[in-house]
Amino acid sequence: MFFVAPALIVLAAILFYPIVDSVLLALQRVQLAGGAVTQEWIGLGNFTRLFSDPVFWRAALNTAYFSVMEVILVTLISLGVALLLNHPFGRSGFFRILLIIPWAIAPVANAVLWKWILNANYGVLNALLKSLGVIDYNQVWLGTPFSALNFLLIVDVWKSVPFVALLMLAGLQRVPQSLYRAAYMDGAGPWQSFLNVTLPTMRGVIAIAIVLQTIWSLRVFDLVFVLTRGGPADATALLNFLAYRVTFNFLDLGYGSAIANVIFALTFVLAALYVWLLWPREIKGAR
Amino acid sequence: MVHNFNRRQFLGTGALAGAMTTMPGWFEGGAKAQSAALNVFSPLPPDPAPPGAAKFSEEAFAKWQADNGATVAYETLAWPQLHDRMATAFASGAAPWDITYNCGWVPEFESFLTPYADNLPKALVDDLPATSFATTTVGGKRYGAVFTLSLLTLFYNKELMEQAGFKEAPKTWDEFKACAKEMTRDGRFGFVLNYGDPAGIGGTASYWMVFLQQAGGKVYGEDGMPAFKSDEGVAALQMMVDLMPSTDPGSISYAGINDATNVLLAGRAGMMMNWPFMWNAGNDPKQSQIVGKMTSAVLPAGLKGSASIDGTDAWTITKASKNQDKAQKLIEFYLDAEVQKRQVLDTGWLPIRLSVLADPEVQAKAPNAAVVLEQAKHPYDSFVTADYNQVTVAIGTEVQKALQGSKTAAQAIADAQDAVTAIVKRRG
Amino acid sequence: MTFARLQQGGPLRQVMVIAGLILFTCWSAGPVLWLILSSVLEQKALIAQPPDLSPRNFTLENFSTVIGAAASLGRGIVNSLIVAVFSTALALALGAPAAYALARLPVPRANNISFLILATQMLPGIAIAIPLFIVISRLGLIDNVLSLGVVYLSFNLPIVIWILRGFFLGIPAGIEKAAAIDGAGIFATFWHIILPISLPPLSAAAVFAFVEAWNEFFFALILTRQQAQTTPLVIANFAGQYQTVFGQMMAAAVISVAPVILLAILFRNQIIRGFADGMMKG
């Protein structure tokens, strides 16, 4: 317990009040008036308003699609990248540095960079695809709901893969070589040794990656803010962007907190579910 | 005045100004014992910024501080982040500023501001366009003074317009549509605008408000309730929809005006609405491929004549400020005729003082000043209210649906009116 | 060595790996290459379609402007370094023992405590920004790099604990038994045995904490004013309402990535050494 206490105390000292306050805010109607902030208790009023708000449902649907796809894509791509970089050909330091760069670029600059790349008129993606003959006319990548949401997804996957791949690479390096050797002796092919040796050993790491990525994908904000502002016509409004807009643009602090608390509840349930499903119990038993 | 000389030297280094605010005023002589530290919250250039934050009138600024026994510290931030930081500080009751920049947010933050502009000297007020106070007036009291005349006007590519067979800028909606249609060829478009972000001044809803006023409509009725579900409201949106075939299809995805500006600067769009800063950008050989080809004109007239909206860049004083008088003096200095003149000559942002706008030297350096002055003779209400952000998101989102063809103009306007009515009623 | 051959795989697998690496290189480097090009081209060349890459459009002016005019970028980088190093060091110092205890020591309800720790990260930052601002401004610590560092610590610590706990759980139980037989106490075991074999996850966690603190934008916006501005804020300053000075922004981004790359080069060696150690023991 002595090992854990300092961390818990630090977390409680910093986050306890803000978290409790945000839950309380969600139960109030808050207005800026008379040079001060007036607060009025309205119970679950913000939540009933929320559930009859079509924009909220639109954003919830967008978020569901976005985070499910993101978790799947990031996990699979990261695992693939980690396997590549763990292969004798991929062990050069060059690849490892390259892996980290997309994640290291400041998100603000990253989002603006992609805004230029994806621009419908002078973006380099259009220019490249035209010169390769893939498309004949400039495409408005961020102009239609489905395409815009998917491009947000691609950009977010691009910057999320590095860390998860790094995590998995570290995990791969912990798989004892003796296990592969044993599998080889038993006549297992590469695919079988991946299934029977690599994946089971990596289970804990993959579980962490999925849980963390779920948390992060439910709170994507900066990309939406720079690339689309939730548009066109709320097609790319994600829940966290909505929470931001309501809190900081509309100054409707109570309602914004209610949306944030919905995100919290969603994340909590999903993360608990994943931990329950994926966490390697047998290792715990061996303690 | 050795002391003052020292101070001026100090301030010349700029970065030390912040440190100065924490120093006791011990190098003030007896006569100037009341040293005041003024904290000013300002956008960063190239957005409109005051002397000291932007590079103009720096000597006059140092002299003003010395003469008035005041030290001014700027807290600067990129424009897109200003509102968030102000909102957080005000909502927490911990705003540290004496003077803040404001842009259509006066009704929203009114309770944290003082109506100092009612006390400005008459000579100064008489030299400002009366309508410039529209966006800073709440309940009959003036909370701010606009410091740059920033109205949307039409910017266009002369060369493309001549190729399309037009000798001068379109004067009416019909000419505008025809001209845009003719210019749309060879991978170029007649018109470009940023329709991606529904909210705020310069967002989709505010562009519709331009057309709305050209059609003779208003957003709110006398009772303060929305009143745009009208022929004018629908006609304005229909005009935008009619322009879509000649509009860069990327427009619906451009979230900032910079995205659209670049298309005009690349020579691949013929016309757009833009703010006065565009003049310098369009003639900068590093950014622009249409140097010398760009001109500005008054926006075309709808049923009721031309109209525009107001950028509303204003200075306000916070209630919490302990230096109300000095703060007002500083704003008066920002609006001083000579400072206003340097503002336009050195930064390109037009002055707000009519006398400076009429100055031949100013008109020579900023040929669009005359156009903006002309535009200012027509209506340019931005319809800012305490709910402005929320209202523009509601209207802008419906406008986007009509532009995408998923709703008719009439349907979108009807739905927008319902949404805005709900917002206004909730406010109570 | 047939086993080593096996790890390389047959010709088909080798081709697939090479193709995969090429794809990975394009995917990662493509946009980065464009970032670099954007920082050295004039804006008028970038808005041409297709972009005009002729030599006369290349310029280093963006870099000279950013370095020359923006003393603020220098200050931003210093602030970011302080914030990132401070919060990373504390996150590891507090997180590693906590993770070890939660993974391998008989802490009651270890799973629930771990989940509670993670749950603190599930509420979006936007919701806690205003309450947090109120607390910090009452303490008079707005615009202070260390208060920002402490806030980042609270964001990074739970993630660091989770990353490390996962790895500690995977360490074979025999190691501690062997240590106990040698007479080592809990502290000694943790310090002399567990930490040295955990270099790869420790570096992963450190890199994570560092990069997140280095790049965080929203709380830096809310909790600083002028003196404590971090790099992301300085970079965002190039995007105004009317104009985005794109080239300068990209130049600032290139400059700000450099320290992280330097760190990555340092930690790459750590990861590889950790890997080698693992091999010896395996």
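The following questions and answers cover the chains, contacts and core of a predicted model.

User: How many helices and how many strands are there in chain A?
Analyst: Chain A has 287 residues, of which 56% count as buried. Its C-alpha atoms fill a box of roughly 75 × 65 × 30 Å along the principal axes. The secondary structure of chain A comes to 13 helices and two strands.

User: Which share of the contacts in chain A with a separation of 6 or more comes from residues 24 or more positions apart?
Analyst: The count takes in contacts in chain A with a separation of 6 or more. Within that set, the share from residues 24 or more positions apart is 68%.

User: What pattern does chain C follow along the sequence?
Analyst: Chain C contains 14 helices and zero strands. With zero strands, the pattern holds helix symbols and no strand symbol. Read along the sequence, it is α-α-α-α-α-α-α-α-α-α-α-α-α-α.

User: What percentage of the residues in chain C is buried?
Analyst: The C-alpha atoms of chain C fill a box of roughly 70 × 65 × 30 Å, taken along the principal axes. Of the contacts in chain C with a separation of 6 or more, 77% join residues 24 or more positions apart. A residue is buried if 20 or more other C-beta atoms lie within 10 Å of its own. Among the 282 residues in chain C, the buried part is 51%.

User: How many nonpolar residues are on the side of chain A that touches chain C?
Analyst: The contact between these chains takes 81 residues from chain A and 95 residues from chain C. On the chain A side, 13 residues are polar and eight are charged. The nonpolar residues on that side number 60.

User: Which element gives the largest share of the largest nonpolar core?
Analyst: This core has 341 residues, and those touching the most other members are Leu167(A), Met168(A), Ile259(A), Trp208(B), Met249(C) and Ala253(C). The largest share of the core is 17 residues. It comes from residues 145-172 of chain A, which form helix 7.

User: Which residues of chain A does Ala253(C) touch?
Analyst: Ala253(C) is among the core residues that touch the most other members. Leaving out residues up to four places away in sequence, its contacts include Leu35(C) and Ile235(C) in chain C. The contacts in chain A are Ile105(A), Ala106(A) and Ala109(A).

User: Which element gives the largest share of the side of chain B that touches chain C?
Analyst: Here 29 residues of chain B are in contact with 25 residues of chain C. Two elements of chain B give two or more residues to its side: helix 4 (79-91) and helix 11 (257-265). By class, that side has 14 nonpolar, nine polar and six charged residues. The largest share, seven residues, comes from helix 4 of chain B.

User: How far apart do the C-alpha centres of domain 1 and domain 2 of chain B lie?
Analyst: The domain assignment gives chain B domain 1 (2-150 + 311-375) and domain 2 (153-309 + 387-427). Between the C-alpha centres of these two domains of chain B, the distance is 31 Å.

User: Which helix gives the largest share of the side of domain 1 of chain B that touches domain 2 of chain B?
Analyst: In this contact, 17 residues of domain 1 of chain B meet 14 residues of domain 2 of chain B. The elements giving two or more residues to the domain 1 side are helix 5 (106-109) and helix 17 (368-375) of chain B. That side has eight nonpolar, seven polar and two charged residues. The largest share, five residues, comes from helix 17 of chain B.

Technical notes:
Residues are numbered from 1 along each chain as its sequence is written. Chains are lettered from A and ligands numbered from 1 in the order in which they are written. This is a predicted model: local features need pLDDT of at least 70, side-chain atom pairs count only at pLDDT 80 or more; totals for chains, interfaces and linings use all residues. A nonpolar core is a set of buried Ala, Val, Leu, Ile, Met, Phe, Trp, Tyr and Cys residues joined through C-beta atoms within 7 Å. A residue is buried if 20 or more other C-beta atoms lie within 10 Å of its own, exposed if 12 or fewer, and partly exposed in between; C-beta atoms are placed from the backbone. Helices (H or I, at least four residues) and strands (E, at least two) are DSSP runs, numbered from the N terminus. Two residues are in contact if their C-beta atoms, placed from the backbone, lie within 7 Å. Ala, Val, Leu, Ile, Met, Phe, Trp, Tyr, Cys and Pro count as nonpolar, Asp, Glu, Lys and Arg as charged, and the others, Gly among them, as polar. Domain bounds come from an automatic or database domain assignment.
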